[in-house]
Amino acid sequence: MTVAIQGLPAFFQPIYLDSVTSTNDDVKHRARDGAPEGTLVVAGEQRAGRGRAGREWTSKPGNLYMSLLLRPQCDAPTAAQISFLAAIALSSAIAQLGPDLAPVHKWPNDVLIDGAKISGILLESSARSGGGVDWLVLGMGVNVAHHPVDAGQAATSLHAQGVSDCTPATLLAVLAPGLLHWLEVWQSGGFAPLRHAWLARAGGLDGPIRVRLPKEEFTGIFRDLDDNGSLLVEQTGGTLRTITAGEVFLPPT
Ligand code: BTN
């Protein structure tokens with residue numbers, strides 16, 4: 001089934017493919033071949049969709065699978081902030097499509113509804129020799145029509161949440177302008193406005209959180225994000241611990 005992608009802001013150069021291994025892989029190849037910033041690949045299905053930490057991302061038809069090519073003029077740690085703006089744009093799009101829904105952010109870039117994951121964001125980038133980022137692929141998967149039931153964590157979809165008339169194309173029509181808006185906010189204002197917007201929808205702020213690191217797991221109170229997007233967790237005794245990478249778990253809502 002071919003989906004026409006129309007009406008996106010001129011920044012986006014959309015390409016629709018019925019079936020790919022992974023939209024991230026497709027855009028990475030295009031990036032290496034010199035494709036311009038704004039190249040956007042949307043697929044009807046992925047045969048080998050990838051999630052964070054090498055996990056599989058189940059990608060049957062009906063959900064949104066997209067990857068956007070960016071060429072940010074900054075170093076890799078700064079470019080990683082793009083995952084926050086993607087989560088903000090997505091939660092805003094969900095709130096627009098389903099005004100009764102209350103999407104929340106879970107660090108670093110998940111969007112949850114009623115404690116269940118509705119999307120995944122995967123950034124992949126290549127360093128420029130001599131410093132900086134050559135290209136960055138922002139991959140986003142959003143559960144529109146269905147969600148996995150055996151993913152090891154609760155998942156949901158827009159249809160399951162009652163937004164039953166939503167399609168990948170209608171979601172993209174709302175999401176793309178939001179992505180462009182937040183990209184421009186980030187480029188002109190840095191991380192500060194993103195931090196503010198992300199925290200406004202943060203799940204579990206000032207409540208208990210469990211943090212899993214490669215060699216350690218601990219609980220604390222989720223207090224804040226720092227100026228770079230690291231998670232600040234208060235430990236027993238009141239010390240703040242800065243988490244730059246890891247997995248977090250919020251208590252059931
Ligand atoms: C996660 O583990 O939460 C991230 C999942 C990212 C999935 C998207 S779907 C589009 C793009 N292509 C991929 O292979 N992965 C990302």
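These legends walk through several close-up views of one predicted protein model.

The model is predicted, so local features need pLDDT of at least 70 and side-chain atom pairs count only at pLDDT 80 or more, while totals for chains, interfaces and linings use all residues. Residues are numbered from 1 along each chain as its sequence is written, and side-chain values use heavy atoms, with hydrogens and water left out.

**View 1. The whole chain, before zooming in.**
The protein chain has five helices and 13 strands; helices (H or I, at least four residues) and strands (E, at least two) are DSSP runs, numbered from the N terminus. Its radius of gyration is 18 Å, close to the 18 Å that the globule rule gives for 253 residues, so the chain is as compact as a globular protein of that length. That radius is taken over C-alpha atoms, and the rule is 2.2 Å times the number of residues to the power 0.38. Along its principal axes, the C-alpha trace spans about 55 × 50 × 30 Å.

The accessible surface of the protein chain is about 11700 Å², and carbon and sulfur atoms hold 51% of that. Areas come from the Shrake-Rupley method with a 1.4 Å probe; for residues, only the protein chains shown count as cover. Buried residues make up 49% of the 253, where buried means under 20% relative accessible area, exposed over 50%, and partly exposed in between (1.4 Å probe, protein chains only). As for charge, the mean positions of the 19 positive and 24 negative charges sit 5 Å apart. Lys and Arg count as positive and Asp and Glu as negative, with His and the chain ends not counted; each charge is placed at NZ of Lys, CZ of Arg, CG of Asp or CD of Glu.

**View 2. Helix 3, mostly under cover.**
Helix 3 runs over residues 82-97, and its 16 residues reach 23 Å from first C-alpha to last, close to the 22 Å expected at 1.5 Å a residue. The expected span is 1.5 Å times one less than the number of residues. Of those 16 residues, 12 are buried, including I82, F84, L85, I88, L90 and I94. Two serines, S83 and S91, are also among the buried residues of helix 3.

**View 3. Helix 5 and its packing partners.**
In helix 5 (residues 191-200), the buried residues are F191, L194, A197, W198 and L199. They pack against helix 3, strand 4, helix 4 (168-189) and strand 10 (216-225). Contact here means heavy atoms within 4.5 Å. Across the protein chain, among contacts between residues at least 6 apart in sequence, 61% join residues at least 24 apart.

K28 is part of helix 1 (residues 23-32). With 15% relative accessibility, K28 counts as buried. Leaving out residues up to four places away in sequence, K28 touches R50, E124, W135 and V137.

The peptide bond from W107 to P108 is cis, with omega near 0°; P108 lies in the loop between strand 4 (104-106) and strand 5 (110-113). A53 has phi near 55°, a positive value in a residue other than glycine. A53 belongs to the loop between strand 2 (39-46) and strand 3 (64-70), and is exposed at 71% relative accessible area. D114 also has a positive phi, near 50°, and is not a glycine either. Its loop joins strand 5 and strand 6 (116-117), and D114 is exposed at 63% relative accessible area.

F249 sits in strand 13 (residues 247-249) and is partly exposed at 23% relative accessibility. Leaving out residues up to four places away in sequence, F249 touches I209, R210 and R212. The C-alpha atoms of F249 and I209 are 5.9 Å apart, although 40 residues separate the two along the chain.

**View 4. Two more C-alpha pairs.**
A10 lies in the segment before strand 1 (13-20) and is exposed at 77% relative accessibility. Its C-alpha is 8.7 Å from that of G38, 28 residues away along the chain. G131, in the loop between strand 7 (119-127) and strand 8 (133-142), is partly exposed at 41% relative accessible area. The C-alpha atoms of G131 and S59, 72 residues apart along the chain, are separated by 35 Å.
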